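Welcome! Please take a look at the sequence and the structure, and then we can walk through a few of their features together.

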Amino acid sequence: MRFAAEPQPRPTADRTAVVLVNLGTPDAPTAPALRRYLAEFLADPRVVEIPRLLWWPILHGVILRVRPAKSARKYASIWMPEGSPLLVWSEKQAKLLQGYLGERGHAVPVRHAMRYGTPSVASVLDALKAEGATRILLLPLYPQYSGTTTASAWDAVGAWAARVRSLPELRFVNRYHDDPAYIEALAQRVLAHWQTHGRGEKLVLSFHGVPERTRALGDPYYDECLASAKRLGERLSLRDEQLVVTFQSRFGKAAWLQPYTEPTLVALAKQGVASLDVMCPGFTADCLETLEEIDQEVRAAFLAAGGREFRYIPCLNDSHPWIDALAQIALRHLQGWPTAR
């Protein structure tokens with residue numbers, strides 16, 4: 001049967017729900033868990049736009065044989081007692097957002113889901129539907145739109161919807177890269193860091209990279225990253241030379257968005273820049289790419305090149321300004337739907 005069986009309809013009050021969608025994480029910092037996670041992640045044609053006939057032998061014959069053990073060691077270095085940082089922070093954000101909405105008089109259950117790994121988008125939507133949700137807002141935790149992230153989350157929702165007989169109403173937030181509350185949350189994170197730790201010579205904003213060809217094909221991600229950086233720089237009253245925008249996490253040999261983070265920071269150190277503050281505005285929760293790649297690998301490279309102070313500014317995580325920004329974004333997109341207690 002193509003479509004799932006539905007329980008007999010029963011009269012119920014309309015119920016609205018929100019799902020926060022993040023990228024995903026392995027279930028454990030082990031090679032088998034990483035193999036399962038990477039197999040799902042790297043099989044997504046939104047992530048790797050290479051014909052399957054060419055990509056499949058590389059993925060299954062090389063990458064999934066070599067990379068899981070190496071990645072597992074990296075995950076182990078940042079794993080929290082409660083689990084993967086990305087999952088821990090995403091779960092906290094969902095719980096806090098539900099509380100913030102409740103304080104404003106909106107009885108809206110909020111759940112977190114992962115595009116890859118658990119809890120999956122489909123399992124969370126199934127659970128909400130079973131609880132009686134008739135309207136669901138999907139809010140990806142990616143401020144800047146990209147086909148590799150935002151659109152892929154939509155694909156997961158579409159795949160779920162393709163097997164559901166009685167669909168709830170669905171809304172989807174595409175982007176909020178220039179939302180004033182999001183920019184303010186970033187600014188408050190930086191200002192609090194400066195107040196506690198002092199201020200470096202430059203503020204580096206490192207965004208996750210994507211292949212350069214996606215920009216040429218019409219993906220707006222690069223422009224939205226620059227727009228976010230510009231608005232944050234204006235909010236902090238920074239001069240152009242005090243703000244550096246870079247892109248990290250390059251994978252493979254093809255050209256990705258530039259300038260690349262690590263080579264740029266190494267060059268700055270060799271030019272005599274002694275102290276840097278580094279932030280990752282495109283990540284709303286700390287994860288492998290921020291805690292290991294930036295705060296360990298890039299830090300070590302900068303210091304080895306002659307830099308003296310590398311100060312990493314944590315992601316928005318569970319900070320009050322960020323949860324308040326999420327509430328504002330959610331309420332704007334929930335307008336017209338029943339949410340009162």
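## Cysteines

A residue is called buried when its relative accessible area is under 20%. This is a predicted model, and in it C280 has a relative accessible area of 2%, so C280 is buried. C287, at 6%, is buried as well.

How many disulfides are there? The count comes to 0. A disulfide needs two cysteine sulfur atoms within 2.5 Å. For C280, the closest cysteine sulfur belongs to C315 and lies 5.6 Å away, which is too far for a bond. C287 is in no disulfide either, as its nearest cysteine sulfur, that of C315, is 6.1 Å away.

## Helix α8

Now let's turn to a helix. α8 covers residues 221-235, and at 1.5 Å a residue its 15 residues should span 21 Å; the C-alpha atoms at its ends are 21 Å apart, so the two values agree. After α8 comes S237, which has a positive phi, near 55°.

Several α8 residues are buried, among them Y221, Y222, C225, L232 and G233. What do the buried residues of α8 pack against? Their partners are the helices α6 (180-197) and α7 (212-216), together with the strands β5 (202-208), β6 (243-248) and β7 (275-279).

## A patch on the surface

On the surface, I58, V62 and V66 form a nonpolar patch, and together they have about 260 Å² of accessible area. V62 sits in helix α2, which runs over residues 52-78. With 48% relative accessibility, V62 counts as partly exposed. An α-helix has 3.6 residues a turn, so residues three or four places apart point the same way.

Conventions:
Residues numbered from 1 in each chain as written. Predicted model: local features only at pLDDT ≥ 70, side-chain atom pairs only at ≥ 80, totals over all residues. Heavy atoms only, no water. Helix = DSSP H or I, 4+ residues; strand = E, 2+ residues; numbered from the N terminus. Expected span 1.5 Å × (residues − 1). Buried < 20%, exposed > 50% of the residue type's maximum accessible area, 1.4 Å probe, protein only. Contact = heavy atoms within 4.5 Å. Patch = residues over 30% accessible without salt bridge, like charges linked within 9 Å, V, L, I, M, F, W, Y side chains within 5 Å. Areas by Shrake-Rupley, 256 points an atom, 1.4 Å probe, with all protein chains shown as cover. Salt bridge = Lys/Arg side-chain N within 4 Å of Asp/Glu carboxyl O.
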